[in-house]
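Q: Please take a close look at the pocket lining in this structure, and describe what surrounds the open space.

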Amino acid sequence: MTDTPGWASPGSPEPPRDDARPPADAPAAVPGPSAPPQGAPAPAPGWSGQQARPDWSRPAPGGHHPYGWGAPQSPKPGVIPLRPLGLGELLDGSVATIRKHWRTTLALSLGIAVVEQAGNVAAQLLVKGKTGPATQVTTMLASMPLTVLLGVVATALLTMVVSRAVLGQSANAGDAWRDARRRLPQLLGLTLLTGLMSGGVVLLGFSPWYFYASGSAGAPETEALLFLVGILTIPVGFWLWIRFSLAAPALMLEKQGVRTALSRSRRLTLGSWWRIFGISLLGEVLTFIVAMVIAIPFRFAGLVLGFSDLDRQVDLSSAHEPTAMLITTAIAGIIAATLTIPFRAALGVLIYVDQRIRREALDIELARAAGLAESGATGWGDQAGRPPARR
């Protein structure tokens with residue numbers, strides 16, 4: 001049994017079933033400048049009256065030409081070269097996606113950030129005048145559903161934008177919505193499931209310590225032991241986070257179901273966990289730094305504007321911030337999210353593309369969709385059109 005995805009392309013009218021497979025006797029397409037693909041014709045620009053789109057669910061046969069001195073130059077129709085990517089190329093491709101398609105990426109992230117910050121401000125106003133840790137938890141829980149929903153929408157829409165940016169194609173918000181809307185319910189279910197698996201393990205690990213510490217006075221040794229048990233569940237949560245980090249792009253681009261998308265992520269991350277973890281962690285650190293650089297001046301401005309309420313600003317038991325601080329924090333959050341949401345989404349999709357290029361020669365399929373395979377500009381295969389040996 002294998003979980004190789006079915007034959008699908010983004011934007012098709014109906015998603016295929018998880019168990020959809022190509023016919024066993026279907027002829028394989030042979031890439032190369034002198035051997036045109038057999039079977040179904042390769043997509044060309046103008047497919048279905050729109051731009052060409054790759055068959056993301058179809059691994060290309062063969063492997064890759066070794067890269068290095070003497071190797072053919074890799075084609076770059078879009079924001080990344082079509083070959084296995086290094087760390088710098090992944091980060092540069094994420095920034096290039098925002099820079100080259102800024103109207104769509106920044107407009108989508110700005111709208112999502114405004115709605116999210118409006119929800120946070122509304123949650124703060126609901127607990128105005130109340131104090132205590134329980135109030136802070138109530139504020140967080142009140143804004144969490146909106147935050148999750150907006151995160152799902154951002155992931156879905158920006159995944160479609162990045163998938164076209166890889167091919168050098170542009171997509172407006174309407175194109176992204178038409179491609180993504182049918183997958184939103186499944187992506188929401190996938191997001192909740194992966195969140196429960198990774199975050200739920202950590203929450204479950206710390207639960208005994210929390211209930212023991214909040215009860216009657218107990219032995220310090222027991223409390224320390226239970227806290228240690230909770231600490232040990234954090235690596236498990238990180239492991240699950242990376243294990244299923246590629247499930248969302250697999251679900252959106254391959255049009256897979258939730259279970260198959262999880263299985264696809266598991267297979268794509270197998271043997272590359274540490275590499276994906278390092279890149280993902282670096283991306284999170286960079287977005288945090290950007291958010292802090294933006295937030296610090298606005299927090300300072302809030303302190304200056306609300307100097308008369310300084311006693312409440314330093315009162316950690318109050319969940320309600322002064323109006324000046326609340327407004328400046330919201331503005332900083334909107335600016336930071338507008339820049340970091342598309343970067344984080346682009347990096348996740350490009351990691352997925354890179355893993356499929358390394359394991360399944362997806363670059364051949366992408367070059368074909370970009371119109372490069374027919375012109376012989378890909379640099380794959382030998383002069384007879386045979387694909388090189390798998391790397």
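A: The largest pocket is lined by 45 residues, and Thr155, Thr191, Trp241, Glu284 and Arg344 are the ones that lie nearest its centre. On a 1 Å grid over the protein atoms alone, a pocket is an open set of points where a 1.4 Å probe fits, with protein on both sides within 12 Å along at least five of seven lines, and lining residues have an atom within 4 Å of a point. This is a predicted model, in which local features need pLDDT of at least 70 and side-chain atom pairs count only at pLDDT 80 or more, while totals for chains, interfaces and linings use all residues. Residues are numbered from 1 along each chain as its sequence is written, and side-chain values use heavy atoms, with hydrogens and water left out.

The space in this largest pocket comes to about 1,500 Å³, a volume being the space filled by probe spheres set on the grid points, which are joined across faces, edges and corners. Among the elements that give two or more residues to its lining are α2 (102-126), α3 (133-166), α5 (184-214) and α9 (273-305), but α11 (323-360) provides the largest share, twelve residues. Helices here are DSSP runs (H or I, at least four residues), numbered from the N terminus. Sorted by class, the lining of the largest pocket holds 26 nonpolar, 16 polar and three charged residues, where Ala, Val, Leu, Ile, Met, Phe, Trp, Tyr, Cys and Pro count as nonpolar, Asp, Glu, Lys and Arg as charged, and the others, Gly among them, as polar.
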